[in-house]
Amino acid sequence: MTFLILAFVGGVFTIVSPCILPVLPFVLARADQPFLKNGLSMLLGMALAFTAVATLAAVGGGWAVEANEYGRLVALSLLAAFALTLMFPGLADRLSRPLVALGARLAASSDGGVLKDRAFVSSLVLGAATGLLWAPCAGPVLGLILTGAAIQGANVGTSLLLLAYAGGAATSLALSLLVGGRVYALLRRSLGVSQWMRRGMGAAVLAGVALIATGLDTGLLSQISLSSTSRIEQKLIDALRPQETGGTLVEAEAPAPEAVSLVAAKLETPSALAVKNEATFASLAGATGWINSPELTSADLRGKVVLVDFWTYSCINCLRTLPFIRAWADKYKEVGLVVVGVHSPEFAFEKNADHVRKAVKDLGITYPVAIDSNHAIWRGFQNQAWPALYFVDAQGRVRHQVFGEGQYEESERLIQKLLAENGKAAGTGGLVSVQGEGVQAAPGDRVLSGETYVGYERAAGFVPAGGLQADRLHGYEPAASLKLNHWTLDGEWTVEAERAVAARAGARLAYRFRARDLHLVLGREAGAGPVRFRVLIDGQPPAKGHGTDVASDGSGLIDAHRLYQLVRLPSSAGDHLFEIEFLDPGAHAYAFTFG
């Protein structure tokens, strides 16, 4: 019930978000109609359509994304036609004649009961079209809902949360519609105002259609809103969780997924520090191997303060936390802190124990690492994300947890507190000072591009509209131009569930992004030699904008399955076109990440 309330109130907050502006004209255009027959049904259609689309987007894979693209085109066309009928009454009359005649015939054949109230049905259809187009800014509340949906898979509970979120948004829109209706009723008493307002609303609806069609609704407007609503939503999340007596930390409610679903489970924004005072340290027995240590058990660690870090070696968010975790392990190991890394893979190649051992060595990790290739430890902890930190006291109780990057100062103070409780001095050197380098550097400011998967199972933003051809060799023609956060293929590729494989030399991949850093998870055929590639930024070699895995002339080599930093610009300002050409066959591309 708590999460349903949280979802509903989070939806209500969308009324103060600029991301609602493109949708607002569609709703207010019905202000001159009776609310129960028109406005209410429109908002109902909007809520139901959004719930269906959001559920499919979280669990349906690439096919759902492609289907929604066609749905958006139909919705844009429908709402554009609606706008024109508002602006030109004569057109509305001509368009309605065949529908009126059809409705009359159907009504007559059923004793006048089936389509007697056409206003309700038409408003419901317009609302559903609006729901297909509505892209609310993804603040902490919606992010929490979608992450839970992705982790737990399709179920009634996650759909109810999405419906509660949409219901909250519809409630706030209903209030604006009722207020708008009263204002309209006052103004229509003046001669000519009614017709003028209808035409004005028609123009506003057309403007909203144009805004959504060009992508500005999820670009510029979403950035305006994130700065104004995310803090409010995070405070709401914290407020609805029970508070710890004598402290400011909040209790976490961790779902228990029956199966491991790894969709959309990485977090860049840290959660609040969460308290689980009575939770027992889960078993480490499910590990398929250990690095830097013999097998450890929960009993072996009793009497020690333990920090458990769930990570995977191609995850940029995990890599950016490593400098802090290494520093804590070094600083506090002599006073009783044991850091245990749990490597739970996302991609199939990360299940290879030799790959994990090489990554641990290359990353300079010296503390124990459990190889959790079957996600047994992940399930035992009921974990939800990479990276995830669990703070365990000397009595074996999980006292705190953090999901995502950040909260480093608070986390270190927690370590000191738990060590002090165990009678150990935490040192007098204050907090560690860490400066990550290369892929482990902190992200830049105003990053507008997010993780994008190349495999068809979770792909989004691919153009042209023909879509990805699953599990078969196909010659792709590149898109002539790319909008922000869209990508395209050129040449012969086989696109599989989690990756795309370049079949021949000369295959290309392009992405339009806005960020300081661009990374790409890449690999090559087992036993094959390195794959050469060449990178361009805005059609030119990267020069000083090259990443750590690329020379200034744009050249580089794929020598292993890992995350490659291909771009490091001076700042995150402006959109840029990234292109990579593979000069040898056999390149594997998995996912873009940014910083």
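Accessible areas are computed by the Shrake-Rupley method with a 1.4 Å probe, and for residues only the protein chains shown count as cover. On that basis the accessible surface of the protein comes to about 26000 Å², and carbon and sulfur atoms hold 59% of this surface. The model is predicted: local features need pLDDT of at least 70, side-chain atom pairs count only at pLDDT 80 or more, and totals for chains, interfaces and linings use all residues. Residues are numbered from 1 along each chain as its sequence is written, and side-chain values use heavy atoms, with hydrogens and water left out.

**Overall make-up**

The protein has 595 residues, of which 51% are buried (under 20% relative accessible area; exposed is over 50%, partly exposed in between, with a 1.4 Å probe and protein chains only). It contains 14 helices and 19 strands, taken as DSSP runs (H or I of at least four residues for helices, E of at least two for strands) and numbered from the N terminus. With a contact defined as heavy atoms within 4.5 Å, residues 24 or more positions apart supply 78% of the contacts that have a separation of 6 or more.

Confidence is given by pLDDT, the predictor's score for each residue from 0 to 100. The average is 76, and 62% of the residues score at least 70.

**Salt bridges**

Side chains of opposite charge can pair when their charged atoms come close. A salt bridge here is a side-chain nitrogen of Lys or Arg within 4 Å of a carboxyl oxygen of Asp or Glu; the whole structure has 20. Among them are the following.

| Asp393 | Arg399 | 3.1 Å |

Glu579 lies in strand S18 (residues 576–582) and Arg508 in strand S13, so their pairing ties together parts that are 71 residues apart in sequence. Glu579 is buried at 17% relative accessibility, whereas Arg508 is partly exposed at 23%.

**Thr488 in strand S11**

Thr488 is found in strand S11 (residues 487–495) and is buried, with 4% relative accessibility. Its side chain reaches the backbone oxygen of Val463 at 2.9 Å and the backbone nitrogen of Ala479 at 3.1 Å. Beyond four places in sequence, the residues that Thr488 touches include Phe462, Pro464, Leu482 and Arg508.

**A nonpolar surface patch**

Patches consist of residues with over 30% relative accessible area and no salt bridge, like charges being joined within 9 Å and nonpolar side chains (Val, Leu, Ile, Met, Phe, Trp, Tyr) within 5 Å. Leu4, Leu44, Leu48, Phe120, Val121, Val125, Leu160 and Leu163 form a nonpolar patch of about 610 Å². Helix H3 (35–59), helix H6 (118–133) and helix H8 (156–187) each give two or more residues to this patch, and H6 has the largest share, 3 residues. Leu163, in helix H8, is partly exposed at 34% relative accessible area.

Terms used
Polar contact = N/O pair within 3.5 Å; in protein donor to acceptor, adjacent residues only side chain to side chain.
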